[in-house]
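Hi everyone, thanks for coming. Let me put the model up on the screen, and then I'll walk you through it.

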Amino acid sequence: MEEAMRLASGILVWMIALMVLAVVIFQAIKFILLAKDAGKEIGMAKHEINSALKTGAITAIGPSFAIIIVALSLIPFLGEALTLMRIGIIGSAPIESVGASLGANAYGTELGSAGFNTQAFTAVVWTLCLGGAGWLLFVALATKSMNKLEKKVINKNEKNKKIMMVVATAAMVAAFGNLASAEMVKGMEYIVAVLVASVSMFILTALADKLQRNWIREWSLGLSILVSLVVGYFII
Amino acid sequence: MAMREEEVGRAVSSTSNSGMEQFHARAHYWGRLTVWAALILTLSLPIVLSFFLGHHPGWNVILSAFLAYAGIVAVVWVLEPLMYYTILGVSGTYIGFLTGNVGNMCLPAAASAQNAIGVEPGTKKGEITATLAIGAASLVNKVFLIPMILVGALLVSRIPEHIQQVFPFILPAIFGGVLAQFAMKKPIYGVIGLVIGFVINLTALVVYMKMLLCIILTITICLFLEKINEAKASV
């Protein structure tokens with residue numbers, strides 16, 4: 001176990017983890033610059049571009065905390081470097097922990113047990129990295145085809161463009177309807193958390209409209225999460 | 001590399017005057033480049049551990065672990081990018097799946113930004129807004145993640161127990177808040193999404209099937225409703 005953890009925080013593991021992270025950060029910056037240019041060309045105002053960036057940044061604060069909490073639970077088993085690499089890209093924490101225990105089990109041991117040696121750690125790394133490669137491979141290979149298909153559908157006529165908008169909005173609502181419901185079936189406290197955040201969002205958005213203050217809109221999700229957590233604190 | 005990108009951009013802009021086409025061409029170029037780079041880097045880690053540092057656990061172990069894992073996630077490799085493409089668009093797909101946490105971070109960021117500016121998903125402006133928001137979200141996420149992983153274990157253990165108890169409510173709060181954003185713009189969509197989501201979550205389906213089913217059903221019903229509305233309007 002100790003040997004495996006020493007390997008997990010070795011210089012090579014750190015180097016590769018940091019390089020992966022560098023790619024992710026580079027990509028985010030590159031895409032922001034590309035989108036800024038394209039935004040100007042299609043007639044987005046400067047304040048709209050800034051507002052999009054600001055809202056994205058603010059909205060990420062709440063989820064980041066949730067992600068960190070789960071990430072921290074993986075560190076004792078995977079070490080800091082691998083956790084950073086797996087959570088920093090594609091990974092979502094619950095799935096990664098399933099993959100990690102499958103890797104350890106295949107070697108005939110368990111995460112965190114005394115028999116978890118360097119080879120077991122390597123088996124876990126193989127499982128997580130091969131498993132995560134699937135998403136990246138599909139995105140690298142298929143996004144262009146999906147784009148072509150979408151263009152074909154949209155370019156046919158004006159009506160298809162409107163249908164695409166309905167599809168996009170409905171897909172978004174469905175995704176969040178499902179995600180929220182999956183939480184709500186966990187218990188009464190979770191239902192309250194969903195409801196309080198929803199009500200806060202209603203109030204904040206109404207307030208933003210009435211006062212004509214855009215910053216309220218930009219902070220609305222962050223504030224709704226906070227209100228919901230405060231209420232949650234008092235009911236448990 | 002930069003030159004090739006310029007060429008790609010110019011070749012497209014000469015055949016089409018749309019700034020969006022050029023944006024997509026560049027997004028494909030940089031998106032693929034970065035995703036392939038990440039793919040090669042992640043796979044190099046186990047190879048280095050196995051064959052350069054000599055900790056190879058044996059192919060049998062790797063294969064049986066991978067097959068067990070793939071049995072769970074292989075369907076999702078394909079389904080997730082397909083499902084979220086209509087929402088994320090070209091650039092959002094590249095950036096969202098590389099940075100990860102699509103459902104709990106990228107989508108809320110995109111949706112809130114579109115709401116703040118007042119643009120619809122599925123439009124040009126909507127896609128650019130989503131990309132800007134997801135890019136900013138990804139950077140903020142890394143800014144939090146890196147120091148927290150380095151010193152976080154110490155810090156979090158210092159947070160009093162009774163405050164730690166509210167952490168499980170972060171996710172439901174995010175989802176409830178974003179759902180309300182949509183419900184205010186399209187109340188009927190919101191109700192449909194929530195009702196279908198709730199019913200599906202009472203069943204024992206696997207997680208990704210729940211999501212897929214919910215998206216397909218909601219889209220179908222919303223399209224059907226729009227059609228009825230149109231028919232009414234034209235009468």
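Predicted model: local features only at pLDDT ≥ 70, side-chain atom pairs only at ≥ 80, totals over all residues.

Residues are numbered from 1 along each chain as its sequence is written, and chains are lettered from A and ligands numbered from 1 in the order in which they are written.

So, how many residues of chain A are in contact with chain B? The count is 130 in chain A, against 135 in chain B; contact here means C-beta atoms, placed from the backbone, within 7 Å. On the chain A side, helices H2 through H9 each supply at least two residues. By helix I mean a DSSP run of H or I, at least four residues, numbered from the N terminus. H6(A) gives the most, with 25 residues. By class, the chain A side has 88 nonpolar, 33 polar and 9 charged residues. Nonpolar covers Ala, Val, Leu, Ile, Met, Phe, Trp, Tyr, Cys and Pro, charged covers Asp, Glu, Lys and Arg, and the others, Gly among them, are polar.

Now let's look at one pair across the chains. The axes of H2(A) and H3(B) come within 10 Å and cross at roughly 160°. Axes are lines fitted to C-alpha atoms, for helices over the stretch in contact, and angles run from 0 to 180 degrees between N-to-C directions. These two helices are therefore roughly antiparallel, the word for angles over 145 degrees. Among the residues that meet are A:Phe31 in H2(A) and B:Leu98 in H3(B). This contact has 6 nonpolar, 3 polar and no charged residues.

Within chain B, H8(B) and H9(B) pack at about 145°, with their axes 9 Å apart. B:Gly193 and B:Gly197 are among the H8(B) residues here, and H9(B) brings residues including B:Cys214 and B:Lys210. The classes are 11 nonpolar, 4 polar and 1 charged.

Finally, back to chain A. An unreviewed UniProt entry lists several spans as "transmembrane region", including 188-207 and 219-235; such annotations may be inferred rather than shown by experiment. In the model, residues 188-207 of chain A are 100% helix, with end C-alpha atoms 28 Å apart. Residues 219-235 of chain A are also 100% helix, and their end C-alpha atoms lie 25 Å apart.

Notes. Contact = placed C-beta atoms within 7 Å. Parallel < 35°, antiparallel > 145°, perpendicular 65-115°, else oblique.
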